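Have the structure open while you read.

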Amino acid sequence: MKAFVEVKDLGKAYQGRAAVENLSFTIPPGHIFGLLGPNGAGKTTTISIISGLFPPDKGDVIVDGHSLLTHPARAKALMGVVPQEIALYTTLSARENLHFWGRLYGLKGDALKVRVEQVLERVGLSDRANEAIKGYSGGMKRRINIAAGLLHEPRLLLLDEPTVGVDPQSRRAILDMIKDLNASGMTVLYTSHYMEEVQELCSLVAIMDQGRIVAHGTQEELHRVVGEHDLVRLEVDPPLEDPSFLQSILGVFAVNITPEGVDLTVSDGHTLLATIIAAITQQGAAVNAVRIERPNLETVFLHLTGRMLRN
Amino acid sequence: MRTMLLITQAHLRILSKDKTTLVVALLLPLILSLVTGLAFGGGQTGSYQVNVAFVDEDGGMVSDSIRAVFTQEPFLLHETTRDEARDLVRERRVQVAVMVPPGMEESLRQRTPLDVAILRSDFQESPRMVEQELSALFLEIRATAAAANLLYDRGVPWADAYRQTSLLWKPQPPVTVEMEGIQRQESDIPMGFNLASPGYVVMFGLMLAISGGSSSLLAERHGGTLQRLMAGPVQRWHLFIGKFLGIAATAVLQMSVLVILGAVLFGVNWGNNVPGLALLIVTLSLAASGAGMFLASLCRTSSQASAVGILSVLVMAMLGGTWWPLEVMPRSLQVAAKLVPSGWAMEGFTHIIMRQAQLGDVVVNALVMLVFAGVFVSLGIRLFRYH
Amino acid sequence: MHLFTIAKKDVLLLIRDRKALLTLVGTPLILTFILGMAFQGMWSAETPPARVLWINEDEGEFGDILFSDVLTMEGVREWVRLEQAQDRQDAREQVQRGRATAYIEVPQGFSQSVREGEGRIIVVGDPASSIRANMIPRVVQRFATELSSRTIIYQALGEHQVTLPIEEIELELEQVEISARIEDGFDQRSSEVPIPMDYYAAGMGVMYLLFTVSHGAGTFLREREAYTLHRMYQAPLLGWEIGAGKFTGIFLTACLQLTAVIVFSHLVYGVAWGDPLGVAALTVTAAFGASGIGLVIAALSKTQSAADALGTAVVLPLAVLGGSMMPLFAMPPVMRTLSKLTVNGWALEGYVRLMFEKGSINDLLPHLGVLVGMGIGFVVLASLLFSRRGALS
């Protein structure tokens with residue numbers, strides 16, 4: 001299958017510190033590609049480079065055969081960008097904002113009007129489109145923020161953490177909308193540090209940490225990296241100071257202190273649980289709650305980096 | 001008392017840490033003293049020059065005496081023709097053209113009226129200066145010509161009679177006026193040079209304290225630090241007075257920079273009475289900071305405060321007589337000057353800078369400004385919304 | 001053109017921002033009104049007369065003539081309030097303290113010494129009063145010269161052994177007439193004196209033009225803080241279109257603000273701005289030059305609040321130099337030279353020519369040229385600053 005987006009060996013450094021390094025991946029058409037990683041992993045830098053906000057120090061991005069470096073305008077015209085921030089004019093109405101951004105993407109006249117109404121319909125804000133954005137709730141602002149990226153019917157949609165600070169209902173609506181858009185043929189690049197969202201949406205996932213991609217593939221391929229491992233999450237009181245003794249238990253692969261207690265990646269949670277609890281009790285701490293989770297992207301990340309996504 | 005001073009101290013410390021504010025707080029007086037310094041610095045009067053195009057179509061003894069006036073300071077004479085003089089004036093290369101018509105001596109002798117035309121290039125004062133000089137000279141010429149005419153009628157040749165009589169005016173006329181304390185107006189400014197320096201110190205002093213003070217207070221409310229202070233065991237008015245003193249201290253510093261730099265670098269005249277000057281600077285700072293605090297209590301945001309602040313400073317500056325001398329303004333405005341701190345400050349600075357007043361002469365002005373400060377601050381305390 | 005899309009949006013943003021609009025258009029009109037009112041009465045009968053103290057120790061007639069005829073004649077008595085002083089020292093001190101404008105002393109034996117050819121009158125003026133204290137010695141000086149004239153005529157006649165009755169001398173003096181006449185050096189007649197309301201309408205309009213561009217600089221940084229600038233860079237535009245669009249936005253809002261001040265001041269206060277074509281050309285070029293300053297302020301600032309602060313620090317001194325506060329034609333020479341370095345100085349001088357000298361667009365060619373040139377210069381400077389720092393950081 002021919003790649004729709006090809007990211008080739010990107011590198012970008014700020015003041016001598018590498019933000020992304022040797023970054024390469026491809027997105028075939030029609031996929032939702034998830035870029036997963038903790039805050040500061042370099043997701044925003046990556047998406048900023050792809051969207052043409054600033055050039056990379058090295059490497060290139062090819063969108064549908066157009067190089068971002070040599071033909072930025074053509075490549076940008078194919079993309080719709082939804083930034084992490086609410087990048088809108090809060091004193092203007094939603095409709096005025098959309099008109100402005102639509103024009104910048106080359107829409108005019110009746111075509112522009114029609115598209116603005118369609119997009120407003122799509123995000124469910126037609127009835128409040130003449131109000132100034134500053135009166136909107138966080139979720140409504142997010143939806144207009146997305147709408148502004150959809151006006152010119154882009155073939156590639158870049159979304160940078162579009163659900164930050166949003167109530168559960170709006171989040172649901174946003175996720176459903178992305179699925180809809182994808183179903184109608186739009187390729188999507190989605191970054192998030194919410195594992196659940198990526199798990200739900202994305203057919204392809206790249207896991208980023210400290211400016212590099214540590215693994216990428218389909219979700220099944222990634223799960224296989226961990227093998228048949230379980231995540232055992234324990235609430236411990238008082239908190240453990242040095243959990244290294246847990247590492248010596250056979251079958252425990254990774255140990256990570258959490259605010260509540262400790263997370264462990266283990267070969268088989270159910271058989272090892274008794275041993276683990278005994279070891280902790282022996283240290284003079286009590287286990288208050290136990291949860292065993294099947295492999296997911298969180299476990300993959302933990303396995304690969306020894307750290308949790310949300311730290 | 002201690003808590004108030006702690007807040008004052010905190011205000012100053014915050015100011016010294018905040019780069020933007022600090023730059024502006026120091027930059028503004030620096031730029032302003034540069035402006036005033038360049039404009040009103042020493043050695044100005046000497047360098048002032050009025051370029052006069054002189055057209056002599058008479059070529060006689062009388063026009064020579066007119067020419068002689070413009071060969072002295074501050075005039076610079078350009079001998080030229082009528083057409084060229086018109087061009088020079090139109091292109092503003094000279095401020096004034098003086099045109100002596102042909103047959104001047106003849107008309108004096110024939111007793112026919114005579115006009116000397118003065119062409120001015122714009123609204124500057126220099127044409128008036130030229131007119132005054134000429135009017136004075138024309139009185140002399142008239143008397144000299146009258147004597148020559150009377151003698152001519154009795155057989156003395158006119159030219160001889162005129163020359164002899166004109167010598168009687170030298171080295172000085174029989175009746176003289178001895179002037180003290182009057183500056184001969186040598187500049188184009190109707191107010192004279194020295195009025196300008198007190199005008200600027202008052203206007204800029206108000207500007208720095210009012211706009212800077214009110215916006216810093218509101219910025220603190222906006223930034224939430226005010227709420228934190230409120231949460232502590234501090235009484236509200238302590239907080240307010242503490243901030244007030246901090247802002248006033250900044251204003252004193254800024255105005256001192258303005259005055260000292262102006263004096264040291266540019267030789268701006270601030271008078272010789274240093275204690276009096278200091279007293280006025282401190283009390284003006286207090287009054288202006290009080291006004292700033294009062295303004296802050298009426299405004300919601302710091303941008304609002306700076307917009308209203310600039311408006312009120314300009315109005316106060318104008319009413320106080322910092323742009324134009326009060327002496328030429330209508331009575332109602334002369335009264336209005338007494339209702340704003342700027343008017344009292346202006347009067348105090350004028351006393352010190354131009355009338356060589358003693359410390360005691362400006363005590364009333366200082367007291368009135370303290371009253372203004374008190375009124376503004378107590379209104380501010382009542383009206384300020386802390387949240 | 002994307003440039004105009006961005007500029008149009010900026011104009012829309014300003015129109016929506018009621019507070020900014022009120023500040024930028026309303027305030028200059030308020031200030032103009034106050035200033036115009038204040039100076040309307042200047043030099044009129046409304047101005048209280050100057051207090052003049054006097055002592056006459058002369059036994060002869062000349063001292064009397066000065067105080068009861070000369071200083072009470074029409075044209076002088078309106079602005080002088082004569083008051084006989086009791087004590088010479090006290091009178092001097094009152095003048096020194098500014099309680100009286102001047103003190104005139106005619107010493108003992110004055111009339112006698114005039115006849116002997118060496119009279120002397122003393123005038124002490126308030127050093128802080130440069131206008132009125134200057135008018136009094138002028139009147140006294142004129143009186144002295146008149147006395148001198150007669151003394152000298154007697155002397156001149158005496159040298160030729162001619163004696164004539166005083167009436168004949170007075171008759172001769174009346175017949176000799178020589179005077180100075182002030183004319184304008186322009187082809188067109190100008191109004192007699194600048195009208196304060198009109199001058200300050202232009203002065204305040206131009207000052208708030210600077211505040212407008214400084215506000216425009218703030219919106220540039222606001223776009224950066226709100227990430228809408230980033231979003232523009234992600235749209236398929238060329239880099240220069242964004243910068244040029246923002247500049248055009250500042251420029252259009254500046255034109256709008258200045259036009260609003262001109263139109264309102266004309267309609268409400270009846271300010272006569274002069275030749276419409278000249279006013280239009282000057283307004284557009286002044287807005288262009290000022291917008292350049294706005295762009296430089298934006299390039300030098302990191303945040304919107306920093307731009308506001310820097311803006312104030314730049315605008316106020318420029319307003320002083322440019323003649324918005326103290327009139328241009330009343331400035332000391334150095335200030336007038338410095339005002340030639342400012343955009344607003346050139347703009348204001350241009351408006352003054354149109355208003356009071358009945359100038360046309362042809363008289364403004366240097367102004368238009370300089371304003372456009374300064375605008376281009378500032379744009380180049382700002383582009384250099386931006387390209388060194390990057391527009392986004």
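Predicted model: local features only at pLDDT ≥ 70, side-chain atom pairs only at ≥ 80, totals over all residues.

Two strands count as paired if DSSP finds at least two bridges between them.

- Five strands make up an open sheet with mixed pairing, in the order E5(B)-E4(C)-E3(C)-E1(C)-E2(C).
- At the edges sit E5 of chain B and strand E2 (80-84) of chain C, each pairing on one side only.
- On average, neighbouring strands here are turned by 25 degrees against each other, direction ignored.
- Where the chains pair up, Thr176(B) stands opposite Arg120(C) in E4(C).
- Within chain C, strands E1 (residues 50-56) and E3 (residues 102-106) pair in the parallel sense over five bridges, with Val52(C) opposite Ala102(C).

**Helices on the sheet**
- Helix H4 (residues 88-96) of chain C packs on the sheet, touching E5 of chain B plus E1, E3 and E4 of chain C, and its direction makes about 150 degrees with that of E3(C).
- Helix H6 (residues 132-159) of chain C also packs there, touching E5 of chain B together with E1, E3 and E4 of chain C; its direction makes about 165 degrees with that of E5(B).

**The wider interface**
- Contacts link 101 residues of chain B with 114 residues of chain C.
- About 9,700 Å² is buried between the two chains, and carbon and sulfur atoms give 65% of that.
- Seven salt bridges cross the interface, including Arg355(B) to Asp126(C) at 2.5 Å, N to O.
- Helix H7 (residues 126-153) gives the most to chain B's side, with 16 residues.
- That side divides into 64 nonpolar, 19 polar and 18 charged residues.

How values were computed
Residues numbered from 1 in each chain as written. Chains lettered and ligands numbered in written order. Heavy atoms only, no water. Contact = heavy atoms within 4.5 Å. Buried area = accessible area lost by both parts, 1.4 Å probe. Salt bridge = Lys/Arg side-chain N within 4 Å of Asp/Glu carboxyl O. Helix = DSSP H or I, 4+ residues; strand = E, 2+ residues; numbered from the N terminus. Nonpolar A, V, L, I, M, F, W, Y, C, P; charged D, E, K, R; others polar. Axes fitted to C-alpha atoms, helices over the stretch in contact; angles between N-to-C directions.
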